[in-house]
There are 2 protein chains.
Amino acid sequence: MASLDRSLIAGLSAFQDLTAKELDTIIGRARSKRIARNAFLFEEEQEAHSFFLLLDGHVRVVKSTPDGHEVTVRYISPGELMGIALALGRTTYPASAIAVVDCVSLAWPSHQWPTFAEEFPAFVANAYKTIGSRLQDAHSRVIEMSTEQVDQRVAHALLKLVDQTGKKTGEGFLIDFPLSRQNIAEMTGTTLHTVSRLLSCWEGKGLVKSGRQKVTVLAPHRLLELAEGRAEKS
Amino acid sequence: MASLDRSLIAGLSAFQDLTAKELDTIIGRARSKRIARNAFLFEEEQEAHSFFLLLDGHVRVVKSTPDGHEVTVRYISPGELMGIALALGRTTYPASAIAVVDCVSLAWPSHQWPTFAEEFPAFVANAYKTIGSRLQDAHSRVIEMSTEQVDQRVAHALLKLVDQTGKKTGEGFLIDFPLSRQNIAEMTGTTLHTVSRLLSCWEGKGLVKSGRQKVTVLAPHRLLELAEGRAEKS
DNA sequence: CGAATTGTTTGCGCCCCGACAAACAAGCGC
DNA sequence: GCGCTTGTTTGTCGGGGCGCAAACAATTCG
């Protein structure tokens, strides 16, 4: 395997405030890994052997309920940390991570976490900042689920994805990984049927354009109005 | 004001692994404060001037939506930290905290947080453990909201409160602070009307007993069956 | 002690949205 | 190319639960 270069991780928020030398050390201890589409990076309840940084691709994080429902917790984009269960004081992963496209990630053995904490306090500080912002995300989700209708939640979810990974095209903003109606349903607590109906309706109004596992948002502003309940019910 | 004694905080999980001397130092920098019922400890979006430890009473943490809905994020019991916004890298409080009964709390000025981090690494480590467990709570909430019916969510909410602050009485487990139908509705994303109907129904079946701002769970086991969807629909 | 405030109960109607079902379309492997 | 799998669309039906409204009960306060 070609040796890894610190340029891979320099500039990422997870490695803010670290010196070049520290970056070299950190990346020297990483293994790089390719993950095929639809493969698991790690699974819920498994021993948390490693923590990860996504270099390329997109990862879906899901939790399963005893009765077979799957709920998508979040999508991970390149540059984000994953599987930092141990920072939460856990020894097992709280959720599963699935590659939605072919991915590349870095992985460090979990037993290095305490060492990292001593040697690179800035790194763990950043990791905690990540956890903090995910806590806030989770609270927003709870509030959305508590107070909004399905159409608003779906609109919010699409806008979030556009923000995170939207790719400007001639027509609008393409969410540039395979995203099915079922996936959207699992993000918003509804069924694929309802999502399908909503997208069809919105396509009719020129808000979005969607195909098989593909969604393009044409009019983010109007979708935002809808998400915030400021839209006319026509 | 009488000086504070470390016995107030020794033994709390937030101060695990700290020496008696460290506890003395920490408590020496705290202000103690009484908060009257229904008063705010802090408010959403305000400058986060202090962080708190609840010594006595119960606190409700709520977030408000632009359109006037209130969502209860969690109830705080004695011994828990509150308002640790800065640990999340925030400078303002993400939510409001209201005393549901007369309360006593300790408060430290936020600007001492960095000092604490240096002097008492065990303390911040514990604080992060708290945040981690709240992240998991929040994710459970999201999953409940996504997959469960209203009756299951209300059942879960009651059971959680019983776990947290249930007081064994002759009949069952009393949630020992004022808790209205509206409060329960704000925890579970429904309306006070629906909660009222549910409690009436459950009272008829002998599962709970409830009065004005008062709920006693008589049969936790049967309520748990209901919460997990294993109950007969009679 | 009466009036005002706050919390609870209950009825009714409607609508969002989930359940079920069936047909269709697109990609994938052989 | 042909079947098989996977994803999407659309219809119908029914019910859970919310909005609205009104009456009632418990507390508080003057």
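Student: In this predicted model, which residues does Phe51(B) touch, leaving aside residues up to four places away in sequence?
Tutor: With residues up to four places away in sequence not counted, the contacts of Phe51(B) include Trp108(B), Pro109(B) and Ser110(B), and also Leu106(B) and Ala107(B). Further along the chain, Phe51(B) touches Trp113(B), Phe116(B) and Phe123(B).

Student: Is Phe51(B) buried or exposed, and in which element does Phe51(B) lie?
Tutor: A residue counts as buried when its relative accessible area is under 20%, and Phe51(B) has 0% relative accessibility, so Phe51(B) is buried. As for its place in the chain, Phe51(B) belongs to residues 50-56 of chain B, which form strand E3.

Student: How many residues of chain B are in contact with chain A, and how much area do the two chains bury between them?
Tutor: On the side of chain B there are 23 residues in contact with 23 residues of chain A. Carbon and sulfur atoms account for 78% of the area buried between chain B and chain A, and that area is about 2400 Å².

Student: How many salt bridges and how many residue pairs in polar contact are counted between chain B and chain A?
Tutor: Between chain B and chain A the count of salt bridges is zero. For polar contacts, with both residues at pLDDT 80 or more, the count between chain B and chain A is two residue pairs.

Student: Which element gives the largest share of the side of chain B that touches chain A?
Tutor: Two elements of chain B give two or more residues to the side that touches chain A, namely strand E5 (70-76) and helix H3 (121-147). By class, that side of chain B divides into ten nonpolar, eight polar and five charged residues. The largest share of the side of chain B that touches chain A is 15 residues, and the element that gives them is H3(B).

Student: Turning to chain A, what domains does the domain assignment give, and how far apart do their C-alpha centres lie?
Tutor: The assignment for chain A gives domain 1, which covers 6-145, and domain 2, which covers 149-227. Between the C-alpha centres of domain 1 of chain A and domain 2 of chain A the distance is 26 Å.

Student: Which residues of domain 1 of chain A lose the most area to domain 2 of chain A?
Tutor: Contact between the two domains of chain A involves 15 residues of domain 1 and 16 residues of domain 2. The area buried between these domains of chain A is about 1300 Å², and carbon and sulfur atoms give 51% of it. Together making up 43% of what the side of domain 1 buries, the residues that lose the most area are Tyr75(A), Glu144(A) and Met145(A).

Student: How many salt bridges does the rule find across the interface of domain 1 of chain A and domain 2 of chain A, and with which residue does Glu144(A) form a salt bridge?
Tutor: Across the interface of domain 1 and domain 2 of chain A, the rule finds two salt bridges. In the salt bridge formed by Glu144(A), the closest N and O atoms are 4.0 Å apart, and the partner is Lys160(A).

Student: Why does the salt bridge between Glu119(A) and Arg29(A) tie together parts that are apart in sequence, and how many residues apart are they?
Tutor: The closest N and O atoms of Glu119(A) and Arg29(A) are 3.1 Å apart, and the two residues form a salt bridge. Glu119(A) lies in helix H2 of chain A, whereas Arg29(A) lies in the loop between helix H1 and strand E1 of chain A, so the pair ties together parts whose separation in sequence is 90 residues.

Student: Which residues do salt bridges that share partners join into one network with Glu80(A)?
Tutor: Glu80(A) meets Arg74(A) in a salt bridge at 3.1 Å, N to O, and Glu80(A) meets Arg134(A) in another at 3.4 Å. Arg134(A) lies in helix H3 of chain A and Glu80(A) in the loop between E5 and strand E6, so this pair ties together parts 54 residues apart in sequence. Through shared partners, the residues joined into one network with Glu80(A) are Arg74(A), Arg134(A) and Asp137(A).

Note on methods
Residues numbered from 1 in each chain as written. Chains lettered and ligands numbered in written order. Predicted model: local features only at pLDDT ≥ 70, side-chain atom pairs only at ≥ 80, totals over all residues. Heavy atoms only, no water. Domains from an automatic or database assignment. Contact = heavy atoms within 4.5 Å. Buried area = accessible area lost by both parts, 1.4 Å probe. Salt bridge = Lys/Arg side-chain N within 4 Å of Asp/Glu carboxyl O. Polar contact = N/O pair within 3.5 Å; in protein donor to acceptor, adjacent residues only side chain to side chain. Helix = DSSP H or I, 4+ residues; strand = E, 2+ residues; numbered from the N terminus. Nonpolar A, V, L, I, M, F, W, Y, C, P; charged D, E, K, R; others polar. Buried < 20%, exposed > 50% of the residue type's maximum accessible area, 1.4 Å probe, protein only.
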